[in-house]
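Have the sequence and the 3D view open as you read.

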Amino acid sequence: MRIAVLDDDTVFLRLVEATIHQMGHATILFETGEDLLRAMRRESFDLLIVDWLLPGLSGIDVVRALREAGGSKLPILFASQRHEEQDIVAAFHAGADDFMIKPLRVQELMARVTALMRRAYPDVTTMRLDFEPYRLDPVARTVYLHDQPIELKHREYELAEFLFRTVAACCRATT
């Protein structure tokens, strides 16, 4: 899975990047809301982790903009030092799916990301596809040939996944 992380704190970005990488997912890091929104026009992500306080466009404004633009399925986790009840409620009203208070606890972050992914993509973990000598792992977003990962760009992976799922559906329909 591809997870976008929006925060202006490079130490936080590196911590989240290492944690997400340990989970087997790719991270794409952004330091401004404008950069993330620009990237969202040409790329897709499976989950978004957003800080509230950012230079320029705030995290809450980014979430509102994404939801208004039709990004209703994208799971969004707020990670902020803001901890007042009204802040947490405002994040949920803006469109957040979950909220964590900084400093983050790594195991809790992993659990919340896993839970958000499980709810947003319920059949991804059960849909590993094997077509010897190829294997597609949707959780890691990786295609393997003879158990060796093939380096693919994001769009290439999406096309491969589409083709694998189409072939799998055709095979099920004919049996």
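## A buried aspartate and its surroundings

D51 is buried, because its relative accessible area is 7%, and buried means under 20% relative accessible area, exposed means over 50%, and partly exposed is in between (1.4 Å probe, protein chains only). Before going on, a word on where this comes from: this is a predicted model, where local features need pLDDT of at least 70, side-chain atom pairs count only at pLDDT 80 or more, and totals for chains, interfaces and linings use all residues. Residues are numbered from 1 along each chain as its sequence is written, and side-chain values use heavy atoms, with hydrogens and water left out.

So where does D51 sit? You'll find D51 in the loop between β3 and α3. Helices (H or I, at least four residues) and strands (E, at least two) are DSSP runs, numbered from the N terminus. Setting aside neighbours within four places in sequence, D51 is in contact with L6, D7, D8, G59, F78, A79, S80 and K102; contact means heavy atoms within 4.5 Å.

## The sheet

Now for the strands. Strands of a sheet pair through backbone hydrogen bonds, either parallel or antiparallel. Here, 5 strands make an open sheet in the order β2-β1-β3-β4-β5, with parallel pairing. Two strands pair if DSSP finds at least two bridges between them. At the edges are β2 (26-30) and β5 (98-101), each pairing on one side only. From one strand to the next, the twist averages 20°.

Zoom in on strand β1 (residues 2-6): 5 bridges join β1 to β2, and the two run parallel. L6, one of the contacts of D51, has F30 in β2 as its bridge partner.

## Helices against the sheet

Helix α5 (residues 106-120) lies across β1, β3, β4 and β5, running at about 175° to β5. For that angle, axes are lines fitted to C-alpha atoms, for helices over the stretch in contact, and angles run from 0 to 180 degrees between N-to-C directions.

Which residues of helix α2 (residues 33-40) are buried? They are G33, L36, L37 and A39. Looking down the axis of α2, these buried residues fall within an arc of 160°, so they line one face of the helix; the arc is that of the directions from the helix axis to the C-beta atoms. The buried residues of α2 pack against β1, β2, β3 and α3.

## Rings meeting rings

Rings of Phe, Tyr and Trp (its six-membered ring) pair if their centres lie within 6.5 Å; planes under 30 degrees apart count as stacked, over 60 as edge-to-face and the rest as tilted. By this rule there are 5 aromatic pairs, and two of them are worth a look.

The rings of W52 and F78 have centres 5.6 Å apart and planes at 55°, so this pair is tilted. It links distant parts of the chain: W52 is in the loop between β3 (47-50) and α3 (59-68), and F78 is in strand β4 (residues 76-80), 26 residues apart. W52, F78 and F99 form one aromatic cluster.

In the other pair, Y134 and F164 have ring centres 6.5 Å apart and planes at 80°, so the pair is edge-to-face. Y134 belongs to strand β7 (residues 134-137) and F164 to helix α6 (residues 154-174), 30 residues apart.

| Residue | Relative accessibility | Class |
|---|---|---|
| W52 | 8% | buried |
| F78 | 0% | buried |
| Y134 | 36% | partly exposed |
| F164 | 13% | buried |
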